[in-house]
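I opened the model today to look up a few things about its fold and its side chains. My entries are below, in the order in which I made them.

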Amino acid sequence: MAAEARDGSKRRFVWMLAAVLVAAAVVRALLIVRMGPQYYFADTLEYEAAARSLLAGHGLGAGFPRAPLYPGFMALGFALFGVGNYMAVRWIQLGAGLLIVALSMRLGARLAGRPGAVLAGAGAATAPTLIFTTSMLYPTVFYTLLLLAMTLAVLGLDERPGRARAVLLGLIAFLLWMTDQVALAPIAAVLLWLVGRRPGPSRTRVPGPSRAGAVAIAVLTAVALAVPWVVARERAGGSAFFMEKAQIVLYYARTDPQLAGARAVRDTSVLFHPLTTPQFVAREWRLLREQPVPYASDYVREYVHFFQPMPDRITTQNAYTSSGAKLITALYFLPVLLLATIGLLLGAGSGRARRLLALIPLATAALYALFFTQMRYRIPTEPEMLVLAALGFARLFPRFATALAPPSPATSLTGPATP
């Protein structure tokens with residue numbers, strides 16, 4: 001009877017995961033149909049122009065200020081289903097959106113077993129921001145997916161360092177960088193987290209590289225993959241580091257009070273002139289030394305703004321940026337933020353793993369705060385926050401979580417397992 005009960009519990013768990021994925025697919029498919037063959041944000045036209053240029057054999061163009069992975073994906077969609085076929089691109093993106101839900105389940109299961117999987121999956125399936133970005137003609141859905149894949153890869157590498165896992169992590173890091181170069185912040189943060197572990201005296205040595213060795217393999221893999229792209233980009237007359245777009249945003253934030261409110265640090269230049277990455281870093285370092293208090297004030301304000309529940313600083317006007325849509329987003333994110341804090345402090349699973357999940361949005365905010373923060377920049381980090389929120393929910397309502405998905409015998413929902 002005990003075996004039959006276990007089998008029945010496992011079948012119920014599998015059915016619940018399947019139901020979550022079906023629900024996620026249905027709600028995203030409905031939005032795709034509703035959005036139709038139109039674009040809703042002007043940046044989509046930049047990606048489309050780059051995709052068309054790729055199809056014509058002209059590359060991205062020396063002046064294209066963004067990373068290449070999404071234009072390449074859009075070009076593939078156009079090649080298969082017709083140039084300008086936005087609907088086809090959206091339907092292909094549906095697969096990435098469902099993988100985000102599946103990996104959220106996997107991440108929740110690693111920390112809190114079956115209840116964590118169901119709660120994290122349900123959160124990812126119904127999150128308005130994740131639903132929307134699945135259908136949005138932006139690289140956000142792929143960046144979100146790759147960030148989740150990196151989180152799982154790092155957790156696996158932390159538990160058992162190995163060369164194959166290190167190479168996989170390097171590949172994911174490279175793809176993240178090719179999707180959005182702000183990925184350098186969370187990549188650096190998780191690599192430091194990985195080598196920062198101090199093993200206890202009783203910990204036995206397992207075959208394979210050390211964590212520091214695994215990190216070195218991952219970095220070398222990412223660099224080896226990036227070098228051909230960097231060389232090709234430089235030969236084509238462009239820059240491999242897409243700083244121009246960020247510099248433009250920062251320039252207008254400092255010169256136009258209507259864009260981001262009164263900032264203490266002001267750019268007194270009359271015209272915008274893009275700088276190389278070393279030149280930009282040197283200028284910002286000079287401003288920091290000359291105006292330390294205003295610079296720190298701007299930075300802290302932008303850092304806090306990254307986690308603001310109510311979306312703002314949106315200039316495009318359409319049905320998806322209306323006051324009602326913004327309110328829905330705020331009402332969704334506020335409890336996620338509160339529950340994620342509880343999950344970080346008191347949730348089930350390894351405290352070290354929970355800190356990794358929190359590190360990703362914190363590191364992302366740390367880089368964006370140097371420029372200009374918006375709600376859409378936070379979205380790729382929300383699955384990690386949703387997993388922490390699932391742990392917080394299970395901590396506050398353990399009976400409901402257990403009834404929803406009875407844990408396996410090895411799983412505890414009562415609190416932290418290890419530091």
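These entries go from the whole chain to single residues.

**Entry 1, the chain as a whole.** I am working from a predicted model, and I keep that in mind for every value noted here. I counted the secondary structure of the protein chain and found 18 helices and two strands. I then looked up burial, and buried residues make up 49% of the 419 residues. For the surface, I noted that the protein chain exposes about 19400 Å², with 68% of that area supplied by carbon and sulfur atoms. Of the contacts between residues at least 6 apart in sequence, 76% join residues at least 24 apart.

The buried residues are Thr129, Leu130, Ile131, Phe132, Thr133, Thr134 and Ser135.

How many aromatic pairs does the count come to? I found 20 aromatic pairs, and from these I picked out Tyr70 and Phe142, whose rings are tilted at 50° between the planes and lie 6.1 Å apart, centre to centre. Tyr70 belongs to helix 3 (residues 69–81) and Phe142 to helix 6 (residues 140–159), so this pair ties together parts that are 72 residues apart in sequence. Tyr70 has a relative accessibility of 1% and counts as buried, and Phe142, with a relative accessible area of 15%, is buried as well. I also noted that both rings belong to one aromatic cluster, formed by Tyr40, Phe41, Tyr47, Tyr70, Phe73, Phe132, Tyr138, Phe142 and Tyr320. Phe132 in that cluster is one of the buried residues of helix 5 that I listed above.

I looked for arginines lying over aromatic faces, and I noted Arg352 over the face of Trp193, at 3.8 Å from the ring centre. I also noted Arg378 over the face of Phe333, at 3.6 Å from the ring centre.

Thr221 sits in helix 9, which covers residues 211–235, and the side chain of Thr221 reaches the backbone oxygen of Ile217 at 2.8 Å. Leaving out residues up to four places away in sequence, I found that Thr221 touches Val167, Gly170 and Leu171.

Terms used:
Residues are numbered from 1 along each chain as its sequence is written. This is a predicted model: local features need pLDDT of at least 70, side-chain atom pairs count only at pLDDT 80 or more; totals for chains, interfaces and linings use all residues. Side-chain values use heavy atoms; hydrogens and water are left out. Helices (H or I, at least four residues) and strands (E, at least two) are DSSP runs, numbered from the N terminus. A polar contact is a pair of N or O atoms within 3.5 Å; within protein, one must be able to donate a hydrogen and the other to accept it, and residues adjacent in sequence count only if both atoms are side-chain atoms. Contact means heavy atoms within 4.5 Å. Buried means under 20% relative accessible area, exposed over 50%, partly exposed in between (1.4 Å probe, protein chains only). Accessible areas come from the Shrake-Rupley method with a 1.4 Å probe; for residues, only the protein chains shown count as cover. Rings of Phe, Tyr and Trp (its six-membered ring) pair if their centres lie within 6.5 Å; planes under 30 degrees apart count as stacked, over 60 as edge-to-face and the rest as tilted. A charge sits over a ring if NZ of Lys or CZ of Arg is within 6 Å of the ring centre and within 35 degrees of the ring normal.
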